[in-house]
Amino acid sequence: MNSAFDAAAIGARAEAAITVALEVGRETARSRRVSNPGMLAVENKGLQDFVTVADRKAEQAIRDGLISRFPGDSFMGEESGGLSGGAGTWVVDPIDGTTNYIRGFRHWGISIAFVADDRVEVGVVYDAAEDKVFHAVRGGGAFKDRLAIHAAATTDPANALVILGHSRKTSFDDYLALSRRLHERGMDYRRMGAAAIDLVRVAEGAADLYYERQLNAWDMLAGALIAAEAGATVVMPPVERLLTQGGPVIAHSPGLADEFAFILDIEGLAPVTR
């Protein structure tokens, strides 16, 4: 590990991120409860790609909460931008699942990752549906409100539940073909619209697969670490590439590795030995 970040330094950042995620998450949820959809000041960044004043307010609050504690760290946020650099970088999605948030569908969350030396050292996700915080420190296991969580032990595809992400950045025909293949193997599937939350569903054993072909780093890094530390198999491109280009993520129950090997072939990725 970078000498600037020993176990104590990483632990301090994890604790700060947990505190900030819970505080900002609860305030963001409260704001949605008391606001009509027409008061959210929605802006359209692209087809079915929205940002609200709540996104910007939440990101600023997260930035202030973290950088005030660790002024030497860099910050990369979905709304305000920024580049990875210096000793370590916070990579943040203030509201992952903005469309869900706008519509009052409580499948959204806050994603906070801390990256150093091109490794994700801390992952924290606030889950609005349950008002709980998931977190992991690399090498230390995964937790939901401080209680250890583990990926599912599913081995029979007929018992599997999978979550498939999709955006207009990738082929809908490919998405349909993938859905059909999983359906033919007896699996049930969902599309929920918030990658960070979908990844922690794999981490806690509620789902057996989450896969999406193109995500930004802030959507996935925190949830991917949490899923990996919970014992799920997580496959994605190198972190340095994700920070600049984004890319796919695959997270699945380890007992179904053979069932999902074809997805790794689609992406040209190999399993990572931890």
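Leaving aside neighbours within four places in sequence, L221 is in contact with V91, A113, V115, V120, M236, V239, L242 and L243. The structure is a predicted model, and L221 is, together with V91, I226 and V249, one of the residues that touch the most other members of its largest nonpolar core, which holds 42 residues.

**Nonpolar cores**

- Seven strands form an open sheet with mixed pairing, and their order is β3-β4-β5-β6-β7-β8-β9.
- The edges are taken by β3 (74-77) and β9 (147-148), each of which has a single partner strand, so one side of each is left without a neighbour in the sheet.
- Strand β8 (residues 142-144) runs antiparallel to β9 and is joined to β9 by two bridges, and in β9 the bridge partner of K144 is L147.
- Helix α5 (residues 195-203) packs on the sheet, where it touches β4, β5 (109-116), β6 (119-127) and β7 (132-137), and its direction makes about 100° with that of β6.
- Helix α6 (residues 217-229) also packs on the sheet, touching β3, β4, β5, β6, β7 and β8, while its direction makes about 95° with that of β6.

**The annotated residue D93**

- The UniProt annotation "binding site", which comes from an unreviewed entry, covers D93, a residue that lies in strand β4 (residues 89-96).
- D93 has a relative accessibility of 1% and therefore counts as buried, the cut-off for that term being under 20% relative accessible area.
- Not counting residues up to four places away in sequence, D93 touches E78, G109, I110, S111, W218 and D219.
- The side chain of D93 also reaches the backbone nitrogen of I95, at 3.3 Å.

**Helix α8 and its surroundings**

- In helix α8 (residues 257-267), the buried residues are F260, F262, I263, L264 and E267.
- These buried residues of α8 pack against β10 (161-164), α4 (172-184), β12 (209-215), β13 (233-235) and β14 (247-252).
- Just after α8 comes G268, which takes a positive phi of about 70°.

Methods. Residues are numbered from 1 along each chain as its sequence is written. This is a predicted model: local features need pLDDT of at least 70, side-chain atom pairs count only at pLDDT 80 or more; totals for chains, interfaces and linings use all residues. Side-chain values use heavy atoms; hydrogens and water are left out. UniProt positions are given in the numbering used here, feature names are shortened, and annotations may be inferred rather than shown by experiment. Helices (H or I, at least four residues) and strands (E, at least two) are DSSP runs, numbered from the N terminus. Buried means under 20% relative accessible area, exposed over 50%, partly exposed in between (1.4 Å probe, protein chains only). Contact means heavy atoms within 4.5 Å. A polar contact is a pair of N or O atoms within 3.5 Å; within protein, one must be able to donate a hydrogen and the other to accept it, and residues adjacent in sequence count only if both atoms are side-chain atoms. Two strands pair if DSSP finds at least two bridges between them. Axes are lines fitted to C-alpha atoms, for helices over the stretch in contact, and angles run from 0 to 180 degrees between N-to-C directions. A nonpolar core is a set of buried Ala, Val, Leu, Ile, Met, Phe, Trp, Tyr and Cys residues joined through side-chain atoms within 4.5 Å.
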